[in-house]
Each structure stands twice: as C-alpha cells, then as structure tokens.
Number of protein chains: 2
Amino acid sequence: MIRLFVTDALSSAARAAPSPDQARYLTTVMRLGVGDEVALFNGRDGEWRARVAEVSKRGCSLESMEQTRPQALGPDLDLVVALVKRARLETIVEKAAELGARRVQLVVTRRTNADHTNVGRLQAIATEAAEQTGRLDVPQVLEPVKLDKLLDGWDAARKLMFCDEGGDARPALDALADEGPWAILIGPEGGFAPEERERLRAAAFVTPVSLGPRILRADTAAISALTLWQAKLGDWRDAP
Amino acid sequence: MIRLFVTDALSSAARAAPSPDQARYLTTVMRLGVGDEVALFNGRDGEWRARVAEVSKRGCSLESMEQTRPQALGPDLDLVVALVKRARLETIVEKAAELGARRVQLVVTRRTNADHTNVGRLQAIATEAAEQTGRLDVPQVLEPVKLDKLLDGWDAARKLMFCDEGGDARPALDALADEGPWAILIGPEGGFAPEERERLRAAAFVTPVSLGPRILRADTAAISALTLWQAKLGDWRDAP
C-alpha cells in the first residue's frame, strides 16, 4: 500500500489534499482512481487508511477512513552532519530517515567545502524515505549552522556521539551508555580540524567513539553510527 | 598518500606494473612523476611504500621500497547478497569492502528480478573501496548462484546471519554469538519467498536477526548488518 505524508489533519472522513507532486504520482504514475486506497500520516494523528475521493485535472482529494496505527515517536536522536558532497549528503538524509533520526542538523566545519545546500530537496528526500520506511513522522532537516555556534548553544542534557577517527576512542558499543536524548556527529571528508577535535573531546556532553580500524566514507560512518546507537540505546532493542 | 592494489609480488626493490587505468590515474589525473611516492598492497605481502620509477607513454612502473605494514586479514566474514538494482548493488559492494567483508557472494532468489550482472565492474568497485579504506586485501566478488544451490552446498561450520523482516527474530545484538566463520544474507527488494524463509529458519547454521522496527532498503540493511556483526563479533571490538 502506498504511504503518503500529508500536512492536513487526519480524522474520520476528513479530506486531505496531497501536494501537486503527490497527486501526479498517485494518478499519473500509479494510476489510482476514485475508491483506491492509500495510507496517510502527518506526524501527529497516527496512520490512517484513506481512499481517493476525487480526481480532477488539478489534482486529487483523499478521504481518511480509519486509524490503523496510533501516533508514536521514535527515540530522541538527532543526526548532526557536515555538508559533505551532495550525493553522499542525500544518501545520509535518506538513511537518517530509515534509521529513525528525529532531526538532521546540517553543519559547517573548518574543513567543510560548502556553506549552503538545497535544504528543500533534502527535506523532500527525508519525507519520501519516511513514507517508505513506515515511520509515523518525518525527520526535520535544519539549515546549516557553524559547528562552533552549534556547540556554543548546545543543551548539555543531550549527549553527543562523536565518531572520532583520530585515535584512542573506545569501540562504540562499549562507549555508548546513558538513556536520554542523544545526537550523532558526522564530520566532513577531510575530518575535523585539530581545534575542533580538541573542543569536542573536552566537552562533558561528548562521547567519543571508534567505528573500527578502517577508514569509512561519511555516508558509511553515518549509517554505522545510527545503527549502533539504535541497537544499543534505541528501538532496535525491542523484540518485534 | 595514494594507495593502490597491484597483482605483482611486493618485496624490496621489486618493480610493480600498475594497470592501464591505474597508470592513467597516477600520471594524468594525479600528475605524479618519477620519484613521487605511493602505497602498494597485493593481499599477500603487506603494505609497501613505493615510488614512481619510470613514466612512459604506455604507462608507468613502480618500485617498492620498504614494507610499512605486515600482511593481515580481517575476520572471516562473507556477505551473501541478492541481485538488487544496480546502483544499490554497487553501493553494497563498496560498503562491504569498507566494512571488512572478505568475500561478496551474489545470489539469485525467487524474487530476484535479474540473473546476471557485471561482476567485473563490481570487482573494480570493491578494489577501489579497499584501496581507500586502508585494508590489506580486496574482497572477492563471486558470480551469482541460485540461493537453493548455495544452501545445498553450505559448510555448516559457517554461521549465516539471516536478516529476517518477517517477524519474530531477536534483535541482532542479542542474537549474534559464537566466534568463527560467518556470512550475512541480504535478500532482494521484495524479500524472500515463504519457502525460502522456511528453509532458512530451519537450517541449524542460520541465525535469524531483526534489524529494528522500520523497513530498510537492501543497501541500508547490508551496511547495518555488517556494522553490527563487526561491532559484536568482529574487529570493531578491539581498542584502536
């Protein structure tokens, strides 16, 4: 069944208007017609079985029929990721959605080559991945900020998993402990500058971790770190 | 420093001939000249510091100078992966090299849409990823075989981690135990057929595992499974 994220409220017999892209996908690509069913979620009202109520040249209208899953939220996990090359950044955002991150904060570091990116496109990738992975919310992709500024305003109650290539960090599975809100930090292709690394290692909220003996590309490091966090502290611990 | 995989033997003052593609990369893309240094490995003789000894129109010649790392082999881990769509399969092979798999066995399952692929191209991707990740061997990519045939001839001493979407498998970190040779099985986009799943669940060498509550694409599942295996049973356990 096709799953779509919509912004409208979902309740019994409520109408939802898909975006023009979604409407085109439903009617032109998937060739749905009046009466065909889809699943809808909006991040607030759970998942709803819905049907195509109307098709016109300008789009289509969906009617929610019954709630199939109550709203639920995954663990409180953010991904903080440097502006790496576009293709890898898009992969990272897609995988963050699949692996249950709540937010993706883009950051600019000393060795980041770019200082801006198309956040709207990344948000669309996050939305599509959330639709396909079955979650009931969409991770929010946040405009890039400078790493130093982000650390200046960091809420010390949120732990930060720092994937530290440079040396003596403990294996991630050993180092990860403490329930509560977390974030994972993934650096740029060239790694962190010495002064960034020093600041991170000195912060009380930072947990440096090692991701094994081989050099990982940024997208691999992000997926591995999200996986290990979910397996050790997140919702992969629960039996299905 | 540029790292290259070569097939020649490496010893003091031995000459190695890079492939035409490698030679083009060294001299035309990276503009190396006589005397410039590279690192070489061949999967047998460790890693060697080498220098460009000669450049001609037809290529270049490298001379190994001193061994910088003795030969070492990662844990005995294979990845068995269904022929998923090309872009995702290429990602999986790249990541298998980064995450330390020794071999990648391609398989055809009931719901696999293809029965062949360009294995030479996948081998080249594995080689390049091995060069960049710093390992001292290159994972071998093996021609596709049918899953049933592979299971018929399976060495029961090798455990098989079966990423089972269909239900009651235990979380991977809990289910993974036992040292020794292992393989990880990743199915096609449409999942395994019921009779395949039944056969897998019944085999004594199979350990079914769950990869969390969300639906993962094949490339994500492969990276997550390799990560969890390395962290629980492989070389990510060792302090750096």
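Modeller: Within chain A, 72% of the contacts with a separation of 6 or more are between residues 24 or more positions apart; two residues are in contact if their C-beta atoms, placed from the backbone, lie within 7 Å. The model is predicted, so local features need pLDDT of at least 70 and side-chain atom pairs count only at pLDDT 80 or more, while totals for chains, interfaces and linings use all residues. Residues are numbered from 1 along each chain as its sequence is written, and chains are lettered from A and ligands numbered from 1 in the order in which they are written.

Chain A has 240 residues, and 41% of them are buried. Buried means 20 or more other C-beta atoms within 10 Å of the residue's own, exposed means 12 or fewer, and partly exposed lies in between, with C-beta atoms placed from the backbone. The chain contains 7 helices and 12 strands, which are DSSP runs numbered from the N terminus (helices H or I, at least four residues; strands E, at least two). Its C-alpha trace spans about 60 × 40 × 30 Å along the principal axes.

Chain A is divided into domain 1 (3–69) and domain 2 (77–232), with bounds from an automatic or database domain assignment. The centres of these two domains, taken over C-alpha atoms, are 33 Å apart. Domain 1 of chain A puts 8 residues into the contact and domain 2 of chain A puts in 6.

Now the part you asked about.

The contact between the chains takes 33 residues from chain A and 33 from chain B. Elements giving two or more residues on the chain A side are helix H2 (86–98), helix H3 (119–133), strand E10 (170–171), helix H5 (172–175) and H7 of chain A. H7(A) gives the most, with 7 residues. By class, the chain A side has 13 nonpolar, 11 polar and 9 charged residues (nonpolar: Ala, Val, Leu, Ile, Met, Phe, Trp, Tyr, Cys and Pro; charged: Asp, Glu, Lys and Arg; polar: the others, Gly among them). Because 100% of the interface residues of chain A are also interface residues in chain B, the copies meet through the same surface.

Helix H7 (residues 218–232) of chain A packs on helix H7 (residues 218–233) of chain B at an angle of about 65°, with the axes 9 Å apart. Axes here are lines fitted to C-alpha atoms, for helices over the stretch in contact, and angles run from 0 to 180 degrees between N-to-C directions. A:Thr220, A:Ile223, A:Ser224, A:Thr227, A:Leu228 and A:Ala231 in H7(A) meet B:Thr220, B:Ile223, B:Ser224, B:Thr227, B:Leu228 and B:Ala231 in H7(B). The residues of this helix contact divide into 6 nonpolar, 6 polar and no charged.
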